[in-house]
Amino acid sequence: MAGAKKKSKTTKSGAKRGAKPAASHEILETYYREMLRIRRFEEKAGQMYGMGLIGGFCHLYIGQEAVVTGLQHALEPGDSVITGYRCHAHMLAAGADPRAIMAELAGRAGGVSKGKGGSMHMFIPEGGFYGGHGIVGAQAPLGAGFGFANKYRGNDRVSVTFFGDGAANQGQVFEAFNMAALWKLPVIFVIENNQYAMGTSIARSTANKELCQRGEAFGIRGQQVDGMDVLAVNAATEKAVAQCRADEGPVLLEMMTYRYRGHSMSDPAKYRTREEVSKVRQERDPIEHVRDLLVEAGFADDDSLREVDKAVKAEINDAADFAQNNLPPAADELFTDITVSA
Amino acid sequence: MAELTVREALRDAMAEEMRRDGDVFLMGEEVAEYQGAYKVSQGLLEEFGARRVIDTPITEAGFAGIGIGAAMAGLKPIVEFMTFNFAMQAIDQIVNSAAKTNYMSGGLVSVPIVFRGPNGAASRVAAQHSQCYASWYAHIPGLKVIAPYSASDAKGLLKAAIRDPNPVIFLENEILYGQSFEVSDSVDHIVPIGSANVVRPGRDATIATFSLMVGKALEAAEALAGEGIDVEVIDLRSIRPLDMDTILTSVQKTNRLITVEEGWSTAGIGAEISATVMERAFDFLDAPVKRVGGSDVPLPYAANLEKLALPQAETIADAARQLCSSN
C-alpha cells in the first residue's frame with residue numbers, strides 16, 4: 001500500500017457526525033494510532049526487504065492489525081502472549097521498541113534478539129510476549145504451558161495463544177486443547193483465520209471450515225469474531241479473559257481476518273485474485289473502519305488524523321534509520337547464549 | 001553411604017529437589033497414580049500431591065510442549081517419557097522449542113527443564129522400543145545430555161540436571177533400574193554435568209563408554225585382566241558436553257582406544273570421540289581407534305538375534321584383544 005489515501009469527509013457508512021460513538025475518543029484514537037503504527041512498520045519492513053536490508057523469511061501482518069491490537073487492550077501485566085512467526089505486530093503491541101524490532105529484522109546487534117533470531121524469533125518477556133516461533137502449531141502447547149504455570153502458581157493471569165488457520169490442522173494443537181480443557185488451564189486460544197495457509201485456502205485444507213468449533217470435542221467454548229473490527233475483537237477478548245480469570249477453563253476465539261500481502265515476502269499470492277484482495281481492503285479494512293468511527297463521532301478530522309499519520313511515519317522512519325545504521329552483531333556473539341551458565 | 005538401586009536413586013533425587021524448590025514438578029504418563037511405568041516415581045504423589053506430580057494423557061508432543069512453556073514461564077519441570085522411543089513424537093518441541101530458544105532470543109528466554117526416561121534396549125521389546133538416542137540429542141547445541149551408569153551418578157547427575165538452567169536430556173536404562181550401588185546420603189550429593197569418571201584404571205587400552213555398557217565394559221575388563229591385558233574404563237556420564245580431556249589424558253597413557261555404545265556406530269558417539277581423538281591426540285595412538293556399537297539393523301525380537309545385535313562383554317573383550325595385538 002502506498003501512502004495514506006486521501007479521505008473524503010463523508011464516511012463509508014454515510015453516518016452523520018455526532019452519532020453515539022462506538023467507544024471513547026481516547027480509545028478510538030489509540031486503536032487508530034496503534035494499528036496504523038503496525039501497518040506503517042510492516043510497509044517499511046517490506047520496503048527494506050526489497051532493498052536487501054532484511055533477509056530470509058519475512059511475514060507481514062498488513063490487514064490483520066485489529067486482531068492483536070484489540071486483544072492486547074484486554075490484557076493486564078502478567079498475562080502472556082505467544083504466537084507463530086508472523087510476530088512483528090505482537091512485539092509492537094507488547095510494547096517493544098520499533099527500533100529494536102527493525103534492527104532485529106535487519107540482523108543487527110541492537111535487535112531485540114541481538115540479531116540472532118530475525119523476523120520469526122522475537123521476544124519481550126517484560127511485555128509478556130514470548131515469541132515468535134517458527135514451527136507451525138508448536139506454540140499451541142507452549143502457550144498452554146504458560147497457562148499451566150499460572151494455574152500452578154495459583155494466580156489469575158491468562159495465556160493468549162495465537163495460531164493461524166493453517167496451524168489449526170496440526171495434531172499438537174488438539175493435544176494442547178485436550179490438556180488445557182482437562183486441567184482447566186487459563187488459556188485463550190486465538191485462531192487468526194486469514195483464510196490462507198500460505199497458498200492453500202481454507203476451503204482446500206479444512207473439512208469443517210468453522211474453526212471456532214474446533215474446541216467443541218474437548219468442551220472448549222468457541223466464538224467467531226470479526227477480526228477486522230478492533231472493537232469486536234476487544235469485546236470478545238474481554239469476555240474470554242474474564243472467563244479465564246474466573247477459573248472456568250480455556251476459550252477459543254476465531255478471528256476472521258485477512259492478510260493483504262503474500263504469505264511471506266517471496267510469495268506473489270497468485271492463488272487468489274486481485275479483486276478479492278481489493279474488495280477486502282475497500283470494504284473491511286480495520287484501520288479505515290476506526291478512522292470512520294473517529295470522524296463520525298466528531299473526534300477527528302482529516303487534519304488531526306494527518307498529524308497522527310505524520311507522527312507514526314516519523315517513528316517508523318526513525319526505526320528504519322536506526323536499523324540501517326546499527327552494526328551487525330560482533331563475531332564473538334556467535335558463541336554466546338547457546339546455554340545459560342549455571 | 002547406603003545401598004540403593006538406580007530406580008531408588010532417581011526417585012530420591014527428584015524428591016530431594018522437589019522438597020528444596022517449589023517450582024520443580026514432575027509430569028508424564030503414569031508418573032502419579034501408577035507410580036511410574038517403571039516405578040521410578042514411587043511415593044512422589046503421596047508426598048507432593050497431584051499439583052506437583054501430574055499424570056498426562058498419552059500425548060508426548062503436547063505435554064513436552066506444555067512443560068517447555070511452563071519452563072519459559074519460570075517453572076522447573078521434570079518431564080518423564082515412558083521411554084525415549086516415544087519422545088520422537090516430541091522431538092520437535094525438544095529441539096526447536098527447548099534447545100534453541102535461549103539463543104534465538106539473545107538470552108532473553110531460557111528453558112530450565114529436564115526430559116528423562118529409559119533409553120535404549122531393554123529386553124525383547126523389538127525395534128520400536130529399543131533405540132538409543134544419545135547421538136541424536138548430542139548433536140544439538142543448546143541441550144545437555146546425560147547417560148549415567150551407577151545409582152550414585154544417577155542421583156547426583158539428576159539433581160544437577162534439575163538445578164541446571166538449561167534443557168537437559170537425561171537418558172536412563174531400564175535394565176539398570178534394578179541394579180544396586182553405594183550412594184551418598186547427603187542431600188548435597190551433586191555430580192557436575194560434563195565430567196567423565198575413570199571407573200577402572202588400566203595401562204594397555206582405554207574403553208570409553210556410557211550407561212549400561214559401562215557394566216559390560218567392566219565385565220570385559222575382568223576377563224581381559226586374566227589374560228594380562230589391563231584396560232582402563234571411562235564412564236562418560238555426560239554425552240554433551242563430552243569430557244574429552246579425561247578421554248585424551250587416558251589415551252595419552254594407554255595409546256589405544258575403544259569406544260563402546262549400544263546404539264548404532266554410524267554417526268554415533270564413538271564416531272565423535274574417534275574423530276576428536278584423531279584431531280587432538282593422533283600422535284599418541286599406537287593403533288586406529290576401534291568402535292563397538294549395536295549392529296546396523298533395527299533391533300530384532302528373537303532372543304538369539306537380539307543378543308547378537310547388541311554389544312556384549314565378549315564383543316568388547318574381542319575388540320580389546322584385537323586392538324592390543326596390533327602395533
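This is a predicted model: local features need pLDDT of at least 70, side-chain atom pairs count only at pLDDT 80 or more; totals for chains, interfaces and linings use all residues.
Residues are numbered from 1 along each chain as its sequence is written, and chains are lettered from A and ligands numbered from 1 in the order in which they are written.

Chain A holds an open sheet of six strands in the order S2-S1-S3-S4-S8-S7, with parallel pairing. Strands (E, at least two residues) and helices (H or I, at least four residues) are DSSP runs numbered from the N terminus, and two strands pair if DSSP finds at least two bridges between them. Strand S2 (129-132) and strand S7 (221-226) of chain A are the edges of this sheet; each has a single partner strand, so one side of each is left without a neighbour in the sheet. From one strand to the next, the twist averages 15°. Angles run from 0 to 180 degrees between N-to-C directions, and axes are lines fitted to C-alpha atoms, for helices over the stretch in contact.

Strand S4(A) is mostly covered, as seven of its seven residues are buried. A residue is buried if 20 or more other C-beta atoms lie within 10 Å of its own, exposed if 12 or fewer, and partly exposed in between, with C-beta atoms placed from the backbone. The covering extends to both faces of S4(A): Val187(A), Phe189(A), Ile191(A) and Asn193(A) are buried on one side, and Ile188(A), Val190(A) and Glu192(A) on the other. Helix H5 (residues 139-153) of chain A lies across strand S1 (80-83), S2, strand S3 (159-164) and strand S4 (187-193) of chain A, and runs at about 170° to S3(A).

Chain B contains an open sheet of five strands, in the order S9-S11-S10-S13-S14, and here the pairing is mixed. Its edge strands are strand S9 (197-200) and strand S14 (290-294) of chain B, each of which pairs on one side only. Neighbouring strands of this sheet are turned by 25° against each other on average, direction ignored. Strand S10 (residues 205-209) and strand S11 (residues 231-235) of chain B pair in the parallel sense over five bridges, and Ala205(B) stands opposite Val231(B) in S11(B).

Helix H10 (residues 269-281) of chain B packs on this sheet, touching S10, strand S13 (257-264) and S14 of chain B, and its direction makes about 155° with that of S13(B). Two residues are in contact if their C-beta atoms, placed from the backbone, lie within 7 Å. In H10(B), the buried residues are Ile269(B), Gly270(B), Ile273(B), Ser274(B) and Val277(B). Seen down the axis of H10(B), they fall within an arc of 130°, so they line one face of the helix; the arc is that of the directions from the helix axis to the C-beta atoms. The face of H10(B) turned away from this buried side carries the exposed residues Ala275(B) and Glu279(B). Among the elements that cover the buried residues of H10(B) are helix H6 (134-138), strand S12 (238-240) and helix H9 (244-254) of chain B.

The two chains also meet: 36 residues of chain B are in contact with 31 residues of chain A. On the side of chain B that touches chain A, helix H3 (60-72), helix H4 (91-99) and helix H5 (101-104) of chain B each supply at least two residues, and the largest share, ten residues, comes from H3(B).

Two single residues complete the account. Arg33(A), in helix H1 (residues 25-50) of chain A, is partly exposed, with 19 other C-beta atoms within 10 Å. Not counting residues up to four places away in sequence, Arg33(A) touches Val308(A) and Val312(A). Phe170(B), in strand S7 (residues 168-172) of chain B, is buried, with 27 other C-beta atoms within 10 Å. Leaving aside neighbours within four places in sequence, the contacts of Phe170(B) include Val114(B), Phe115(B) and Ile146(B).
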